[in-house]
Amino acid sequence: MKDFDTAPPGGRWTPPDFSDLERVALDLEAFAPDAEPIAPLRLLGEGFFSVALATASDHVFRLGTAPGVFERYEKEWRLLPWLREHELPLEAPRPRWLLVPGDAFPFGGTGYPMLPGVQMTADLIAQGDRAALIRQIAELLVALHAMPTEELAALGVPGPELERTWEREWHEASMAVLPSVLSAPEMEAVARWWEGFLDVRDAYNGPLVLLHRDIGDENLLASEDGSHLVGVIDWEHAAVGDPMYDFAHLRFIGLDFQREAIEAYQDLGGRVDGGMHERLDWNWQLAPFPGISRTWRRGEQIDGDEVRASLQRHGVLEGVTND
């Protein structure tokens, strides 16, 4: 099988426990006294690398739950002011606190005033102005992808090597854990899938642009009536790379929604190369592997039936039988 371009990242870890929100509030008061009142905290959500909490004073703190995330918080700290100078068409967070890793927050954290709006869920899209939301997503991506990239390395924004590192991690984890829950024919299919994925990935030689890299329902904020977008959050994955990645997560809203966003992007002057839709299909098939890696690296139990169902649903095990 084809090798990856960068060394694998670190090994496994145990995430910190932030379930005691009263304790977390006391720790935050020590780190950010000018954010008071902090208690009572409420949980906004948990991603692969952070827990997001809202304070009584309408601030958001994202607390790291994985190694390496503090470097991405630092990147946001530098990048977000730069984006404001370059007139991003939607509001983005304005970080006020950068929590250095320590006893209370082993992987660090970041905090900022809460932005207005609510998450752009499928239900909100259904009751709101779908066409207007899609057009605003396209306007955001056209503006983002047109921004100059020469200064970004100095801000700590990585290039395509970021994808190589993640893909190596996901591949390493899947090869380590999946033989314990999948059959030999299924593992052969997984190995063939990785070979095909890498061939398609390596064939891309188009333009590299500034990416948010996680554009989807959870990170887009809309008005409560769903008539328009008001903000975009969670820039920790920002990188320079293939513009395809900024459409990939829209597939979780729906394939039609993703395609309509691409068409709107093209109508506004965004460039779409002939292979983008194929790469999007491969990226959709890739979707189960980050979760497999996260579960294994956090020392959590792998559910074989759940993993198999996910790989089947995304097409990795399509047509594979154990006969």
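This is a predicted model: local features need pLDDT of at least 70, side-chain atom pairs count only at pLDDT 80 or more; totals for chains, interfaces and linings use all residues.
Me: What makes the phi of Glu 87 worth a look?
Reply: The phi of Glu 87 is positive, about 60°, although Glu 87 is not a glycine. Most residues other than glycine have a negative phi. You can find Glu 87 in the loop between helix 2 and strand 4. Asp 234 also has a positive phi, near 55°, and sits in the loop between strand 9 and strand 10 (239-241).

Me: How do you know whether Glu 87 is buried or exposed?
Reply: Look at the relative accessible area, which is 68% for Glu 87. Exposed means over 50%, so Glu 87 counts as exposed.

Me: Why is strand 5 called largely enclosed?
Reply: Strand 5 covers residues 109-113, and four of its five residues are buried, so the rest of the structure largely encloses it. Buried here means under 20% relative accessible area.

Me: How do you know which strands pair with strand 5?
Reply: Count the bridges: pairing asks for at least two. Strand 3 (residues 59-64) and strand 5 have five, in the antiparallel sense, and strand 4 (residues 97-99) is joined to strand 5 by three, also antiparallel.

Me: Why are strand 1 and strand 4 called edge strands?
Reply: The open sheet has five strands in the order 1-2-3-5-4, with antiparallel pairing. Strand 1 (42-46) and strand 4 each have a single partner strand, so one side of each is left without a neighbour in the sheet. From one strand to the next, the twist averages 20°. Helix 2 (residues 69-85) lies across strand 2 (50-54), strand 3, strand 4 and strand 5, and runs at about 160° to strand 4.

Me: What makes strand 6 and strand 9 edges of their sheet?
Reply: Their open sheet has three strands in the order 6-8-9, and its pairing is antiparallel. Strand 6 (118-119) and strand 9 (229-232) each have a single partner strand, so one side of each lacks a neighbour in the sheet. Two bridges pair strand 6 with strand 8 (residues 220-222), and Gln 119 stands opposite Leu 221 in strand 8. Helix 4 (residues 130-145) lies across strand 8 and strand 9, at about 40° to strand 9.

Me: Why are helix 5 and helix 10 called roughly perpendicular?
Reply: The axes of helix 5 (residues 161-177) and helix 10 (residues 288-297) cross at roughly 65° and come within 8 Å. Angles of 65 to 115 degrees count as roughly perpendicular, and therefore the two helices are described that way. The crossing is left-handed.

Me: Which residues meet where helix 5 contacts helix 10?
Reply: Among them are Trp 170 and Val 177 in helix 5, and Phe 289 and Trp 296 in helix 10. The residues of this contact divide into eight nonpolar, two polar and three charged.

Notes
Residues are numbered from 1 along each chain as its sequence is written. Side-chain values use heavy atoms; hydrogens and water are left out. Axes are lines fitted to C-alpha atoms, for helices over the stretch in contact, and angles run from 0 to 180 degrees between N-to-C directions. Angles under 35 degrees count as roughly parallel, over 145 as roughly antiparallel, 65 to 115 as roughly perpendicular and the rest as oblique. A crossing is left-handed if the near helix is turned anticlockwise from the far one by less than a right angle, and right-handed if clockwise. Contact means heavy atoms within 4.5 Å. Ala, Val, Leu, Ile, Met, Phe, Trp, Tyr, Cys and Pro count as nonpolar, Asp, Glu, Lys and Arg as charged, and the others, Gly among them, as polar. Buried means under 20% relative accessible area, exposed over 50%, partly exposed in between (1.4 Å probe, protein chains only).
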